[in-house]
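User: I would like to go through the labels attached to this model and ask, for each one, what it rests on.

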Amino acid sequence: MFDENSSTVIVNIHGLLGEQESIQMEFAEELLEEEGQFIIDNVEYKIVRIINEDVEYPVVYVVVLDILSQTGS
């Protein structure tokens, strides 16, 4: 998912499709910016808020932009 040369950070991410709670995951540091977009498991997300103060790991809130087709037909 990530380029071997890119650095990653651990984040707590809220808003992933199908998840009720936050998920802790590695995230590419260069993609970690508000209004940034990324794709996980054929779902396109947009970062709407990042909280860095007074937390062990950044807290990232996302919204679903699109669910991508898994087939090319």
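Analyst: What follows takes the labels in turn and sets each value against its definition. This is a predicted model, in which local features need pLDDT of at least 70 and side-chain atom pairs count only at pLDDT 80 or more, while totals for chains, interfaces and linings use all residues. Residues are numbered from 1 along each chain as its sequence is written, and side-chain values use heavy atoms, with hydrogens and water left out.

User: What makes the pattern of the protein chain β-β-β-β-β?

Analyst: The protein chain has zero helices and five strands, where helices (H or I, at least four residues) and strands (E, at least two) are DSSP runs numbered from the N terminus. Reading these along the sequence gives β-β-β-β-β.

User: Why is the pair Glu-35 and Lys-46 called a salt bridge?

Analyst: The term asks for a side-chain nitrogen of Lys or Arg within 4 Å of a carboxyl oxygen of Asp or Glu. The N to O distance between Glu-35 and Lys-46 is 2.9 Å, so the pair meets the rule. Glu-35 lies in the loop between strand S2 (23-28) and strand S3 (37-40), whereas Lys-46 is in strand S4 (residues 43-51), 11 residues apart. By this rule the count comes to one salt bridge.

User: Why is Lys-46 called partly exposed?

Analyst: Buried means under 20% relative accessible area and exposed over 50%, with partly exposed in between (1.4 Å probe, protein chains only). Lys-46 has 23% relative accessibility and therefore counts as partly exposed. Of the 73 residues of the protein chain, 27% count as buried.

User: What makes a set of residues a nonpolar core?

Analyst: Its members are buried Ala, Val, Leu, Ile, Met, Phe, Trp, Tyr and Cys residues joined through side-chain atoms within 4.5 Å. The largest such core has 13 residues, and among those that touch the most other members are Ile-13, Phe-38 and Tyr-45. The largest share of this core, four residues, comes from S4.
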